[in-house]
Amino acid sequence: MRVVVTGGAGYIGSIVTEALLEDGHDVLVLDNLCKGHRDSVLANAAFVELDLREEHRVTKMLANFETDAVIHMAAFSLVGESVKSPGKYYENNLGAGVSLLEAMRSARVSKLVFSSTAAVYGEPLKQPIDETDPTVPTNPYGETKLAFEHALHWYARAHDLRSVSLRYFNAAGASVANGERHDPETHLIPLVLQAAAGRLPHVTIFGTDYPTRDGTCVRDYVHVEDLAQAHVRALALLGETGTCRAYNLGCGDGYTVKEIIATATEVTGRTIPVVTAPRRAGDPATLVASSASISRDLGWSPHQSLTEIITSAWQWMIRTGEAS
Ligand SMILES: NC(=O)c1ccc[n+]([C@@H]2O[C@H](COP(=O)([O-])OP(=O)(O)OC[C@H]3O[C@@H](n4cnc5c(N)ncnc54)[C@H](O)[C@@H]3O)[C@@H](O)[C@H]2O)c1
């Protein structure tokens, strides 16, 4: 297929691009580089520096590339920032997303895979979380992602747009070519590894009195390469009229913050300084996905362990000179 990846110069998008190329697709990356990196896009993918909000130029680009499908990953994704500046999130995650849908309509492109998030569930009542569980986001980030999922439902009815929304839990790890380069970094594994490398004075554990096996929060981590494979498989579902589905992407198992730090200590052989702090508002004790649906429908399951996730991220830091 000829696939456009929006946000393909970002962390996950660059590795999804690698997986698509490896699977024999032609890829064009569309990114305005507000967060992404030009050098994350492999040379055998085409690249256009463009903002999704430029609807007419996006339409032209989709038509000229003879696009079969779009993987829509471009977004802002800092939860705390979304609470402080909700307008920024409505404008980019919902407004720019709808501009993309209109551009797709004009260019007669009817297949889309969307990067959604566990944040659509808010504070779930049960674990592991199923796709049919209530979606009650607790911040504008989750709210705007859910609103875009709803837009996909109505576009399916009105315009036969076919879509698969993939609700990622925590993406982590690296490929040989690409890894996590967020600024600011808010994800636990890169922060722990930055502390191991001496680039941060310590890592902070927020809350040690949760009702979990060691008192710290449990989260579900998937290797970014496993995550990328789910996108390749999701494209196959889009042949059918009326497809509008949402799937969780997690490993069904969780790790506590202390278990992440212990594994990182083992992988790096370094001492990782830790400080503890009170719980943060809105952090549920446990967030773990049931991926039974995507496993049943697409035969997807994650293959890489926590040790492999952390090892790949650490090796990538060594290769890029961020750790020595
Ligand atoms: N990293 C995770 O663990 C995680 C978890 C759940 C969901 N997600 C979602 O996955 C997607 C990718 O996440 P990531 O961690 O790779 O983020 P990222 O910030 O590394 O990548 C996002 C990319 O989108 C681009 N972009 C943003 N707005 C744009 C616009 N208007 N026009 C063109 N390009 C634009 C940025 O320049 C960046 O390259 C996001 O949609 C995010 O919400 C990520």
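Predicted model: local features only at pLDDT ≥ 70, side-chain atom pairs only at ≥ 80, totals over all residues.
Residues are numbered from 1 along each chain as its sequence is written, and side-chain values use heavy atoms, with hydrogens and water left out.

**Figure 1. The shell around the ligand.** The ligand is surrounded by 30 residues, a residue being counted if one of its heavy atoms lies within 4 Å. Ile12, Asp31, Asn92, Tyr141 and Lys145 are the closest. The shell comprises 14 nonpolar, 11 polar and 5 charged residues; Ala, Val, Leu, Ile, Met, Phe, Trp, Tyr, Cys and Pro count as nonpolar, Asp, Glu, Lys and Arg as charged, and the others, Gly among them, as polar. At least two shell residues come from each of α1 (11-22), β5 (111-117) and α5 (140-159), and β5 supplies the largest share, 3 residues. Helices (H or I, at least four residues) and strands (E, at least two) are DSSP runs numbered from the N terminus.

Figure 2. An N or O atom in the side chain of Tyr141 lies 2.7 Å from an oxygen atom of the ligand. A backbone N or O atom of Lys35 is 2.9 Å from a ligand oxygen atom, and an N or O atom in the side chain of Asp51 is 3.4 Å from a ligand nitrogen atom. Of the 830 Å² of accessible area that the ligand has on its own, the protein covers 97% (Shrake-Rupley method, 1.4 Å probe).

**Figure 3. The second largest pocket.** A pocket is an open set of points, on a 1 Å grid over the protein atoms alone, where a 1.4 Å probe fits, with protein on both sides within 12 Å along at least five of seven lines; lining residues have an atom within 4 Å of a point. Of the 16 lining residues, Glu180, Arg181, Glu185, Gln194 and Glu322 are the closest to the centre. Two or more lining residues come from each of α6 (188-196) and α10 (306-319), with α6 giving the most, 4 residues.

Methods. Polar contact = N/O pair within 3.5 Å; in protein donor to acceptor, adjacent residues only side chain to side chain.
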